[in-house]
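Here are my notes on the structure, point by point. Please read them with the model open beside you.

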Amino acid sequence: MCWGVPGVLIDMEPEKGIARVDFGDGVPREVLIGITGERLERGSLVIVHAGVIISTIDEKGLVETYSLLSDLMREAGEQEDEGMRSYYDYLLRLSRQLRGGDSS
Amino acid sequence: MSMDEKKLEATSSGELAERDFLDKLEGAFRSNIHVAVSLRNLIHRLAEKALMRGIGRIVIMDFCGTHEWSIVHFGIRSLMPRNVELVAGPGCPVCVTPSKYIEYAVKLSFEGITVYTYGDAYRLKSLRPINGAYSLQEARSDGASVQVVTSFIDAIRLANMSGRESVFLGIGFETVAPGYAVAFKKNIVPGNLAFLSQVKLTPPAMRLSLELLMKEKLDYRFGVIAPGHVSTITGAKAWSFASEEMGIPVVIAGFEPIDVLIAIAEILRQIVNNESKTVIEYRRAVTWSGDEEAQRNINEVFTTIDDAWRGIGIIPRSGLELSDRYASHNAFEKYSLKRISSDDWEYDLPRGCKCGLVTLGKAKPTDCPLFMKACTPDRPIGPCMVSVEGTCSIWARFGGGGLADEVARSLEVY
């Protein structure tokens, strides 16, 4: 299955096939760039599966991922938390900021 | 496709209306209850039409754990007309990793070689014990060198730091394969880290599952909900064999319940109209040709082999092995481990476990005598219960309720 975790691309080293992605905790983590590099830029919203960037998403896609995940959490008996909402808000804000514009 | 093209494609006004309806719905997202009710009604109307045209039963197969999760979680099965059955197909790479290869990894870990593995493969049990250990988890508690990682890049970093001889158990489908490929191509895998490739390809498994179903259920019609994320890499074209050669409608769908319902409606629409096309519903992420650079990288680094699937057998051209150029990283070569061939393949599931049949969509988890009795998420016996992606695990953890209840309420079913 391809549970994808959303994150924001902070920077990349295309010659190594590596990028650093912030998954919402402010700590950039190394991932492998699985897709065509030209589709990626600083601030791109990406879906990461098992440490591999498998696609980019737009803001609408991120909102959909959020609702799917929050349903899953509820079902799994996890608390419906403010934390997760603020995590998604953080990703959106960071993405907009890094892309150098506020598209809201 | 422009609206005009769509109009040209539609041949009857009824079909046009249905298509138009589906297109409008595509814009909607989230589990909008009104949309869900409309879709449920549309699905029932189409199923009725199919019956009127003499089409008895229809089986729709999904090939992705996330789709199966959506179907189970939102209770979509309970919304289906009686003549439409939803079946889970091969969507879990950990579930089909042969017992023998787990045994190889356990053996290496006892020989002082550090084995890096994903969390669910760590708990995966083999048929035979090695030094008394049935899994990497048991090997570790017996002092072997095993480390759980969440990604290949973690294993690369740790192997670089330790400098020790190590192996990565490279499980996955087409989603993770381009990541493995790019690491080898960019030459960032250290010499002390070997790769035990367990990368499996989904189209050959889809073909086999469908062929088996078609053989067994002669008067049925079939449809496929194809995996979304795999398709971002492979492109929709990877599934066109099913629609073109086998006459089976294919829809590549997103993961929301609405996406899945739209896919089912489109499949039924095609069946009623005697069409078989590959259609992309998940247009926000999937294209016809996929990510060509990712495909090129995979083809450069790996070669396609006939591969063993646990509980199922050898499926032709269904696995990826490191190509000769990367032979020094290939754990099979480095440690003289033999790949399973069709001559020495043996049934490798625990006694009573139906994971192989469940994976192929020939049995439901509830058909297995062990399901939720001897085999539970806390004490899993079979691989389909061990992996969070496994159909048994999804059924066990996320059964029933949700959207279906709401829809039933709004229809005043109860």
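1. Chain A. This chain contains 2 helices and 5 strands. Along the sequence the order is β-β-β-β-β-α-α. Of its 104 residues, 33% are buried. Take the contacts in chain A between residues at least 6 apart in sequence: 41% of them join residues at least 24 apart. Keep in mind that this is a predicted model.

2. The interface. Here 28 residues of chain A are in contact with 38 residues of chain B. On the chain B side, the elements giving two or more residues are α4 (65-73), α8 (152-162), α9 (177-185), α11 (228-234), α14 (292-301) and α18 (391-398). The most comes from α9(B), with 5 residues. By class, the chain B side has 17 nonpolar, 11 polar and 10 charged residues.

3. The crossing is left-handed. From α9(B), the contact uses B:Ala177, B:Pro178, B:Ala181, B:Val182, B:Phe184 and B:Lys185. From α14(B), it uses B:Ala294, B:Asn297, B:Ile298, B:Glu300 and B:Val301. In total this contact has 8 nonpolar, 1 polar and 2 charged residues. Both helices are on the list of elements that give two or more residues to the side of chain B touching chain A.

4. Strand β7 of chain B.

5. Neighbours of β7(B). Strand β1(B), residues 58-62, runs parallel to β7(B) and is joined to it by 5 bridges. Within this pairing, B:Ile58 has B:Arg221 as its bridge partner. Strand β8(B), residues 250-252, also runs parallel to β7(B), through 3 bridges. There, B:Ala226 stands opposite B:Ile252.

6. The nonpolar core. The largest nonpolar core has 154 residues. Which members touch the most others? They are B:Ala105, B:Val167, B:Leu196, B:Val224, B:Leu261 and B:Leu268. Helix α13(B), residues 257-272, supplies the largest share of this core, with 11 residues. Neighbours within four places in sequence aside, B:Val224 is in contact with B:Met61, B:Phe63, B:Met206, B:Trp239, B:Ala242, B:Ile248 and B:Val250.

7. The six-stranded sheet. Chain B has an open sheet of 6 strands in the order β4-β3-β5-β6-β11-β10, with mixed pairing. The edge strands are β4 (146-148) and β10 (302-309), each pairing on one side only. On average, neighbouring strands are turned by 25° against each other, direction ignored. Within the sheet, β5(B) (residues 166-172) and β6(B) (residues 193-200) run parallel and are joined by 7 bridges. B:Phe168 of this pair stands opposite B:Phe195 in β6(B).

8. B:Ser162. This residue is found in helix α8 of chain B. Is B:Ser162 buried or partly exposed? It is partly exposed, because 15 other C-beta atoms lie within 10 Å. B:Ser162 and B:Asn192 are 30 residues apart in sequence, and their C-alpha atoms are 9.5 Å apart in space.

9. Two backbone points to check on screen. B:Asn274 has a phi near 55°, a positive value in a residue other than glycine. The residue is in the loop between α13 and β9 (278-280) of chain B. B:Asn274 counts as exposed because it has 10 C-beta neighbours inside 10 Å, and the cut-off for exposed is 12 or fewer. B:Arg317 also has a positive phi, near 45°. This residue is found in strand β11(B), residues 313-322. With 13 C-beta neighbours inside 10 Å, B:Arg317 counts as partly exposed.

Technical notes
Residues numbered from 1 in each chain as written. Chains lettered and ligands numbered in written order. Predicted model: local features only at pLDDT ≥ 70, side-chain atom pairs only at ≥ 80, totals over all residues. Contact = placed C-beta atoms within 7 Å. Helix = DSSP H or I, 4+ residues; strand = E, 2+ residues; numbered from the N terminus. Nonpolar A, V, L, I, M, F, W, Y, C, P; charged D, E, K, R; others polar. Pairing = 2+ DSSP bridges. Core = buried A, V, L, I, M, F, W, Y, C linked by C-beta atoms within 7 Å. Buried ≥ 20, exposed ≤ 12 C-beta atoms within 10 Å, placed from the backbone. Axes fitted to C-alpha atoms, helices over the stretch in contact; angles between N-to-C directions. Left-handed = near helix turned anticlockwise from the far one by under 90°.
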